[in-house]
Amino acid sequence: MPHTPLPTRESLREVRYDIRGELSRRARELEGQGRQLIRLNIGNPGAFGFRAPEHLQSAIAGNVHESDPYTHQQGLPLAREAVAAFHRARGTPNATAERVFIGNGVSELIDISLRALLNPGEEVLLPSPDYPLWSAATILNQGRPVYYPCRPENGFLPDAAEIEKLITPRTRVLVVINPNNPTGANYPRELLQQLVEIAARHRLLLMADEIYDGILYDEASFTPLAPLAGEVPCLSFGGLSKVWRACGWRVGWAVLSGDPVRVGDYHHAMDLLSALRLCANVPAQFAVPAALTGPETIRDLTGAGGRLHESRRAVIECCAASEHLDLVAPAGALYAFPRVIGDAAVGFDDQAFALELLEDEDVLVVPGSGFNVPDSLHFRITLLPDAALIREVFARIERALGRHAARARSRHVA
């Protein structure tokens, strides 16, 4: 009998995750051949020599003996109370441990939160560019992503009036990623207040992906969404992966705020889905109180002279010196999202460029189209390498773009 492939879920054809996609697989092949690559595709601090703070490591080590049983499906009580207290200090209304969900990273909680809400064909408003997990989770939970533009000429900030025009009777959620991945945009209070008012008028659930809330540059300040939302239902996401450099521990949280009557059924739905996966990773949950009540460690990295600050400065300076790149300087998060301009932009294809950069210059970046933008002129890099390596990377990028610009000029002359 012929060996026919097993059919897979049809909606997977609509899902893309270029951060770990075909280019990353090709990179592994090249590394298997002995090539030394510079991987700038993932915001993975541990891969670049960063470590989780010692007081978090000690909290886990000191409680491993308590970690054998399953815990409550929403998470360890002491971890949930620490998250609730952190949010109460921010002004989040109704922030109690009962409204906190601990997950295996924010990624799992995004999936659970959409699965608990969406019926087939219902719509989720997402920023463009977005972190592609949001699009994937929407599609795989039978929803439809609807993108609101965040244009570089507006500092990658959205226009509230444009967002409101996209709302239909099937719209259920307005997602805000702040500080933004991939652009580094940091949303001002006035804009966030406008988004709250839209959600209130149209009875939408707000979802605030705030995993980078402590990673800010040049005196930028972060405004959490939930305190502004008040009684408007809002689900706020955070975790240990980025601010505390503990990606591999897989600890994230979501806090459900807003009118108790309106969010009651949704809370029960999330609780049911949390119970179905039994519980999140237990040992690492003991690090949550240590993280939220312990010493501040991220500002030494993001402040003047800190490693992340200097890497970001190197990116900004390299793009400013380039004849082929334009950059909206990231105000937060761990990424930059340069745009190709001039002759190099003629006939530019971000997927083909990323492959050429990998094959010819040993540098792996993520094509901008992987973040659901309407053009193919961007690429994303992480700010995690040190400044010297960043400058070397951009020398290679400049070389590759120079070749592309020369080919474009030759075609024009011909």
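Helices (H or I, at least four residues) and strands (E, at least two) are DSSP runs, numbered from the N terminus. Axes are lines fitted to C-alpha atoms, for helices over the stretch in contact, and angles run from 0 to 180 degrees between N-to-C directions. The structure is a predicted model, in which local features need pLDDT of at least 70 and side-chain atom pairs count only at pLDDT 80 or more, while totals for chains, interfaces and linings use all residues. Residues are numbered from 1 along each chain as its sequence is written, and side-chain values use heavy atoms, with hydrogens and water left out.

Two packed helices are described by the angle between their axes and the distance between the axes. For helix H1 (residues 22–32) and helix H13 (residues 350–361), the axes come within 11 Å and cross at roughly 15°. The crossing of H1 with H13 is right-handed; a crossing is right-handed if the near helix is turned clockwise from the far one by less than a right angle, and left-handed if anticlockwise. Contact, meaning heavy atoms within 4.5 Å, joins Leu23, Arg26, Ala27 and Leu30 of H1 to Gln351, Ala354, Leu355, Leu358 and Glu359 of H13. By class, six residues of this contact are nonpolar, one is polar and two are charged. Ala, Val, Leu, Ile, Met, Phe, Trp, Tyr, Cys and Pro count as nonpolar, Asp, Glu, Lys and Arg as charged, and the others, Gly among them, as polar.

The whole structure contains 26 salt bridges, each a side-chain nitrogen of Lys or Arg within 4 Å of a carboxyl oxygen of Asp or Glu. One of them joins the side chains of Arg26 and Glu359 at 2.7 Å, N to O. This pair links helix H1 to helix H13 across 333 residues. Arg26 is partly exposed, at 23% relative accessibility, and Glu359 is partly exposed at 27% (buried means under 20% relative accessible area, exposed over 50%, partly exposed in between, with a 1.4 Å probe and protein chains only).

Another salt bridge joins Glu356 and Arg403, whose closest N and O atoms are 3.6 Å apart. Glu356 lies in helix H13 and Arg403 in helix H14 (residues 387–413), so the bridge ties together parts that are 47 residues apart in sequence. Glu356 is buried, at 16% relative accessibility, whereas Arg403 is partly exposed, at 29%. Both residues belong to a network of salt bridges that also includes Glu361, Arg399 and Arg407.

Leu225 is found in the loop between strand S6 (205–209) and helix H8 (226–229). With 1% relative accessibility, Leu225 counts as buried. Leaving aside neighbours within four places in sequence, Leu225 is in contact with Val176, Leu192, Val196, Leu206, Ala208, Glu210 and Cys234.
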